[in-house]
Amino acid sequence: MADVIDYKIYGDDMQMVEIELDPGEGVRAEAGAMMFMEDGIVMQTGTGGGLFKGFKRMLTGESFFITTFLNNGRNRARVAFAAPYPGKVIPLDLPKLGGSFMCQKDGFLCAAQGVDIDIAFTRKLGAGLFGGEGFILQRLSGDGMAFVHAGGTMIQKELGSGETLRVDTGCLVAFEPRVTYDIQFVGGFKNVLFGGEGMFLATLTGPGLVYLQTLPFSRLADRILAASKTQIGEQKGIAGMGGDLLGGIFGGNR
């Protein structure tokens with residue numbers, strides 16, 4: 001049985017979830033997600049289910065360890081977790097969603113103690129070879145609350161039986177296990193070379209609930225990298241005429 005937790009989500013574009021724990025209750029979170037914790041809350045770091053689970057997490061790019069925040073005090077206490085980049089926190093009431101949910105490996109934020117957090121590999125060969133961000137997924141299962149993070153704006157889609165939706169693999173946040181997930185080739189020579197959307201799309205077939213995000217972290221990182229390269233290129237001209245000194249003078253830093 002997972003702990004029954006109370007929560008409140010704060011913010012708009014940079015959200016956090018504050019969780020109130022009764023004595024003895026706990027919440028599990030990815031390393032580095034905690035924002036603050038009140039007196040009585042203690043941290044217990046472990047593999048989340050043995051060495052095998054820890055190694056699976058490490059091989060998929062996640063931390064080897066997962067942290068449990070446990071209320072060891074006599075009074076109710078709060079702990080908060082912040083989203084890693086601009087976006088929305090999505091609460092998942094697992095008992096109302098059939099007991100389990102799939103999410104991107106970097107989408108998980110935190111979950112009530114007792115919720116199982118495991119790695120799920122896509123079964124199909126095409127999805128495994130070309131799925132990109134959608135290849136390695138996390139399965140959240142149990143009878144408690146879990147929270148995932150969507151970059152930018154969150155879009156909720158309820159697919160009917162046989163209804164298909166094709167999305168960029170990075171824009172997929174989470175979906176019900178009954179949704180069929182596969183990878184489809186975009187097709188077309190010009191589409192592949194000049195379309196700018198990659199060679200493959202994730203194909204989701206209903207029935208089931210799907211959550212999408214407008215700003216995958218990979219896109220955000222690409223834009224920051226491109227802007228950094230542009231800024232470096234612009235600075236090379238002034239650097240050739242006097243380096244950091246002239247750059248500092250004209251930039252108003254000296």
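Among contacts (heavy atoms within 4.5 Å) between residues at least 6 apart in the chain's sequence, 75% join residues at least 24 apart. The model is a predicted one, in which local features need a pLDDT of at least 70 and side-chain atom pairs count only at 80 or more, while totals for chains, interfaces and linings use all residues. Residues are numbered from 1 along each chain as its sequence is written, and side-chain values use heavy atoms, with hydrogens and water left out.

As for secondary structure, taken as DSSP runs (helices H or I of at least four residues, strands E of at least two, numbered from the N terminus), the chain has five helices and 19 strands. Of its 254 residues, 43% count as buried, that is, under 20% relative accessible area with a 1.4 Å probe and protein chains only, against over 50% for exposed and in between for partly exposed.

Now for the inside. A nonpolar core here is a set of buried Ala, Val, Leu, Ile, Met, Phe, Trp, Tyr and Cys residues joined through side-chain atoms within 4.5 Å. The largest one has 39 residues, and Ile19, Phe81, Leu92, Cys110, Leu140 and Phe147 have the most contacts inside it. Setting aside neighbours within four places in sequence, Phe81 touches residues including Met16, Ile19, Val27, Met35, Phe69 and Cys110. Another core, of 15 residues, lies apart from it, with Leu137, Val167, Leu172 and Tyr181 among its members.

On confidence, pLDDT (the predictor's confidence in each residue, from 0 to 100) averages 79 over the chain, and 71% of the residues score at least 70. Over residues 188-196 it is below 50, and this stretch has five contacts in the model beyond near neighbours in sequence.
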